[in-house]
Amino acid sequence: MKASEIAYKPVGLVLGAISGMIAGAAFKQAWKIVEGEGDAPDATDEDRPWNQILLAAAIQGAIFSVVKAAVDRSGAVAVRRLTGTWPD
């Protein structure tokens, strides 16, 4: 196992937790803008229509994917700066 891989493992775990918190906060703000409501619907919310549930899921998925990619990329760049090699 390369030094960059060893260095990236704990960094990746921490960044994963941080990215989840960032994405969750970003989704809450985005949902307030889209629907003007405080809480996004859950898939099992009986009182919410299908279109609202699917819209919330699509927005949440997009935000989580973008945040995860940005955080993972930033972590890999940081590891390369520290170790001189790109983590695999």
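This section describes the fold, surface, core and selected residues of a predicted model of a protein chain.

Residues are numbered from 1 along each chain as its sequence is written. In this predicted model, local features need pLDDT of at least 70 and side-chain atom pairs count only at pLDDT 80 or more, while totals for chains, interfaces and linings use all residues; side-chain values use heavy atoms, with hydrogens and water left out.

The protein chain contains two helices and zero strands. Helices (H or I, at least four residues) and strands (E, at least two) are DSSP runs numbered from the N terminus. The chain is more spread out than a compact globule, because its radius of gyration is 17 Å, well over the 12 Å that the globule rule gives for 88 residues. The radius is taken over C-alpha atoms, and the rule is 2.2 Å times the number of residues to the power 0.38. Along the principal axes, the C-alpha atoms fill a box of roughly 50 × 20 × 15 Å.

Of the 88 residues, 24% are buried. Here buried means under 20% relative accessible area, exposed means over 50%, and partly exposed lies in between (1.4 Å probe, protein chains only). The accessible surface of the chain comes to about 6,000 Å², and carbon and sulfur atoms account for 62% of it. These areas come from the Shrake-Rupley method with a 1.4 Å probe; for residues, only the protein chains shown count as cover.

The largest nonpolar core consists of ten residues: Leu15, Ala23, Phe27, Ala30, Trp31, Ala56, Ile59, Ile63, Val67 and Val71. Such a core is a set of buried Ala, Val, Leu, Ile, Met, Phe, Trp, Tyr and Cys residues joined through side-chain atoms within 4.5 Å. Helices α1 (3-35) and α2 (50-83) each supply at least two residues of this core. Apart from neighbours within four places in sequence, Ala56 is in contact (heavy atoms within 4.5 Å) with Phe27, Trp31 and Pro41. Among contacts between residues at least 6 apart in sequence, 56% join residues at least 24 apart.

Two further residues were examined in the helices. Ile6 belongs to helix α1 and is partly exposed, at 49% relative accessibility. Its C-alpha atom lies 8.6 Å from that of Pro87, although Ile6 and Pro87 are 81 residues apart in sequence. Arg80 belongs to helix α2 and is also partly exposed, with a relative accessible area of 42%. The C-alpha atoms of Arg80 and Pro49 are separated by 47 Å, with the two residues 31 apart along the chain. Leaving aside neighbours within four places in sequence, Arg80 is in contact with Thr85 and Trp86.
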